[in-house]
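Here is a briefing for a reader new to this structure. Look over the sequence and the model, then work through the points below.

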Amino acid sequence: SQYEIICRLHIVPAFKNLKLNGVTARCIQNLYDAKMKAGTKPRTIRVMHVILHESLEHAVKLGMIGRNPTDAVSPPKYQPDEMKFYDETQVAQLLLAAHGDRYEALYHLALVTGMRQSELLALKWSDLDWQKKTLKVQRQLKRDDRSNGYYSPPKTKAGKRTINLGSGTIPILRNHY
């Protein structure tokens, strides 16, 4: 899992020569700072912090250490990656390249609706109202660890929505149908 990988790659190498009571707030902060300097993403460091905090909190409960040193440490703030958008030329090039492809309608829907991949892959023809030119988002495709797919409702109420489609989208969908 993600936690095991982060432990193996980041945490264990940093603390393998220390005894539990030798893991100090300064050691942890130095680790975070070194990882940031080395280009590790802030999200990875925040996951490291969660792992360390939970592990050391357990050690406190067992009486192995007096206090949790992660309480005095500041992991980096969450910084979402800036989204990149296609400009008109790139959109035109994508649609031109997709022309005749079996997924052309899917690419078109992705571009004109802004739907998430999981929502697009969960669409059914019954979600489309041909007369009103609308598309209902009612489910999303999820994948579990065994690569099996299943449907689930959107995470939030706002995720369940109706999208108005432009008049140019309907012929593309009809052709695909």
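## Threonine 169 and the ground rules

Leaving aside neighbours within four places in sequence, threonine 169 is in contact with His108, Leu109 and Val112; contact means heavy atoms within 4.5 Å. Threonine 169 sits in helix H7 and, at 4% relative accessibility, counts as buried. Buried means under 20% relative accessible area, exposed over 50%, and partly exposed in between, with a 1.4 Å probe and protein chains only. Helices (H or I, at least four residues) and strands (E, at least two) are DSSP runs, numbered from the N terminus.

This is a predicted model: local features need pLDDT of at least 70, side-chain atom pairs count only at pLDDT 80 or more, and totals for chains, interfaces and linings use all residues. Residues are numbered from 1 along each chain as its sequence is written, and side-chain values use heavy atoms, with hydrogens and water left out.

- The largest pocket has a volume of about 330 Å³.
- It has 14 lining residues, and the closest to its centre are Leu106, Leu120, Leu123, Trp125 and His176.
- On a 1 Å grid over the protein atoms alone, a pocket is an open set of points where a 1.4 Å probe fits, with protein on both sides within 12 Å along at least five of seven lines; lining residues have an atom within 4 Å of a point.
- Grid points are joined across faces, edges and corners, and the volume is the space filled by probe spheres set on the points.
- Helix H5 (104-113) and helix H7 (169-176) each supply at least two residues of the lining of the largest pocket.
- H5 gives the largest share of that lining, three residues.
- By class, the lining of the largest pocket has 11 nonpolar residues, one polar and two charged.
- Ala, Val, Leu, Ile, Met, Phe, Trp, Tyr, Cys and Pro count as nonpolar, Asp, Glu, Lys and Arg as charged, and the others, Gly among them, as polar.
- The second largest pocket has a volume of about 210 Å³.
- Met83, Lys84, Phe85, Tyr86, Val91 and Leu111 line the second largest pocket.
- That lining holds five nonpolar residues, no polar ones and one charged.

**Aromatic rings**

- The count comes to four aromatic pairs. Rings of Phe, Tyr and Trp (its six-membered ring) pair if their centres lie within 6.5 Å; planes under 30 degrees apart count as stacked, over 60 as edge-to-face and the rest as tilted.
- The ring centres of tryptophan 125 and tyrosine 177 are 4.7 Å apart and their planes stand at 80°, so this pair is edge-to-face.
- Tryptophan 125 lies in the loop between helix H6 (117-120) and strand S1 (128-129), and tyrosine 177 in the segment after H7, so the pair ties together parts that are 52 residues apart in sequence.
- Tryptophan 125 is partly exposed, at 37% relative accessibility.
- Tyrosine 177 is exposed, at 62% relative accessibility.
- Tryptophan 130 and tyrosine 177 have ring centres 5.9 Å apart and planes at 65°, so that pair is edge-to-face.
- It links distant parts of the chain: tryptophan 130 is in the loop between S1 and strand S2 (134-137), tyrosine 177 in the segment after H7, 47 residues apart.
- Tryptophan 130 has a relative accessible area of 21% and is partly exposed.
- Ring pairs join Trp125, Trp130 and Tyr177 into a cluster.

**Arginine 161**

- Arginine 161 lies in strand S5 (residues 161-164).
- Its relative accessible area is 25%, so arginine 161 is partly exposed.
- Apart from neighbours within four places in sequence, arginine 161 is in contact with Met115, Arg116, Glu119, Leu135, Lys136 and Val137.
- Its side chain makes a polar contact with the side chain of glutamate 119 at 2.9 Å.
- A polar contact is a pair of N or O atoms within 3.5 Å; within protein, one must be able to donate a hydrogen and the other to accept it, and residues adjacent in sequence count only if both atoms are side-chain atoms.
- The side chain of arginine 161 also reaches the backbone oxygen of glycine 159, at 2.8 Å.

**Two loop residues**

- Lysine 133 lies in the loop between S1 and S2.
- Phi of lysine 133 is near 55°, a positive value in a residue other than glycine.
- Most residues other than glycine have a negative phi.
- Threonine 24 is in the loop between helix H1 (2-15) and helix H2 (25-37).
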